[in-house]
Amino acid sequence: MYRENHDSPLKIPFEIVEMTLADVNDILEIEHLSFPTPWSKNLFVKEYHSQNSKIFLARHPYLEQNKVLGYICTWFVCGEAHILNLACHPHFRRNRVATNLLEHCLGFSFKNGVKKAFLEVRACNHEAQALYTRYGFEPIGLRKGYYSDTHEDAIVMFLEMKSQPFFK
Ligand SMILES: CC(C)(COP(=O)(O)OP(=O)(O)OC[C@H]1O[C@@H](n2cnc3c(N)ncnc32)[C@H](O)[C@@H]1OP(=O)(O)O)[C@@H](O)C(=O)NCCC(=O)NCCS
């Protein structure tokens, strides 16, 4: 899949592809820039090898460095998709990278008969909540003090896909 991303003021082109092991260091860099308690390299490698997981990347087709613009990691279990991780490199935010990753992931789920998607998001993360809400995710619960680093609450969000997901 290749997207010209005409909406972007920066006109960043990117393609959505599956992660390879060669991408893990680029992913880790973004992870460390994005989260107070980043996933380890081992965790990404474990998810890469897991039959239940998929990691999709937004990749710049020309750049030598910073080739990976963002990624989404999803766990598929019992007919449900659990979005475990989503981030975009700070230099490339607001270019619809996360939007396209989420749409690709939900489209992949739907095509494979998975119609229910869950995720957890920090209560203070209004940017991510706005993105998920656009795709029809709704809050269904609160996990008090879920994040051990900041003791923040996690909002549990749920989406039931009745048709192929599309950007609202
Ligand atoms: C949240 C995150 C993934 C969004 O990535 P992105 O590629 O910049 O997102 P998009 O460009 O696709 O934005 C889609 C929508 O999300 C919302 N959004 C994203 N960033 C926002 C911001 N800084 N302020 C307000 N809304 C924001 C907006 O509704 C936006 O649509 P718009 O640009 O038409 O207003 C990115 O900010 C990030 O990596 N944050 C750190 C990690 C993180 O919080 N991950 C989510 C964990 S649950």
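Two strands pair if DSSP finds at least two bridges between them. The exercises below apply this to a predicted model.

**Exercise 1. Find how β6 and β8 are paired, and in which sense.**

Step 1. Pick out one position. Val121 stands opposite Ile155 in β8.
Step 2. Look at the other neighbour of β8. Five bridges join β7 to β8, and these two strands run antiparallel. Here the bridge partner of Pro139 is Met157 in β8.

**Exercise 2. State which residues of β8 lie on its covered face and which on its uncovered face.**

Step 1. Recall the rule for a regular strand: side chains alternate between the two faces of the sheet.
Step 2. List the covered face of β8: Ile155, Met157 and Leu159.
Step 3. List the uncovered face: Ala154, Val156, Phe158 and Glu160.
Step 4. Ile155, opposite Val121, belongs to the covered face. Met157, the partner of Pro139, belongs to the covered face as well.

**Exercise 3. Give the number of helices and strands, and the order of the elements from the N terminus on.**

Step 1. Count the elements: the protein has four helices and eight strands.
Step 2. Write them in order: β-β-α-α-β-β-β-α-β-α-β-β.
Step 3. Of the 168 residues, 28% count as buried. Among contacts with a separation of 6 or more, residues 24 or more positions apart account for 57%.

**Exercise 4. Describe the largest nonpolar core and name the element that gives the most to it.**

Step 1. Note its size: the core has 35 residues.
Step 2. Name the residues with the most contacts inside it: Phe56, Tyr71, Ile72, Val97 and Leu101.
Step 3. Find the contributing elements. Those that give two or more residues are β2, α1, β3, β4, β5, α3, β6 and β8. The most comes from α3, with six residues.
Step 4. Take Tyr71 in detail. Beyond four places away in sequence, Tyr71 touches Met19, Ile27, Ile30, Ile55, Phe56, Leu57, Ala87 and Leu101.

**Exercise 5. Describe the shell of residues around the ligand.**

Step 1. Count the shell and name its nearest members. There are 18 residues around the ligand, and Arg93, Ala98, Thr99, Glu127 and Leu131 come nearest.
Step 2. Assign the shell to elements. β5, α3 and α4 each give two or more residues. α4 gives the most, with four.
Step 3. Sort by type: nine nonpolar, five polar and four charged.

**Exercise 6. Decide whether Ser53, Arg94 and His151 are buried, partly exposed or exposed.**

Step 1. Set the cut-offs: 20 or more other C-beta atoms within 10 Å for buried, 12 or fewer for exposed, and partly exposed in between.
Step 2. Take Ser53, in strand β3. Ser53 is partly exposed because it has 19 C-beta neighbours inside 10 Å. Ser53 touches Glu47, Cys73, Thr74 and Trp75, leaving aside residues up to four places away in sequence.
Step 3. Take Arg94, in the loop between β5 and α3. Its count is 13, so Arg94 is partly exposed. Arg94 is not a glycine, yet has a positive phi of about 65°.
Step 4. Take His151, in the loop between β7 and β8. With 9 other C-beta atoms within 10 Å, His151 is exposed. His151, also not a glycine, has a positive phi of about 60°.

Notes: Residues are numbered from 1 along each chain as its sequence is written. This is a predicted model: local features need pLDDT of at least 70, side-chain atom pairs count only at pLDDT 80 or more; totals for chains, interfaces and linings use all residues. A residue is near a molecule or strand if its C-beta atom, placed from the backbone, lies within 6 Å of it. Ala, Val, Leu, Ile, Met, Phe, Trp, Tyr, Cys and Pro count as nonpolar, Asp, Glu, Lys and Arg as charged, and the others, Gly among them, as polar. A nonpolar core is a set of buried Ala, Val, Leu, Ile, Met, Phe, Trp, Tyr and Cys residues joined through C-beta atoms within 7 Å. Two residues are in contact if their C-beta atoms, placed from the backbone, lie within 7 Å.
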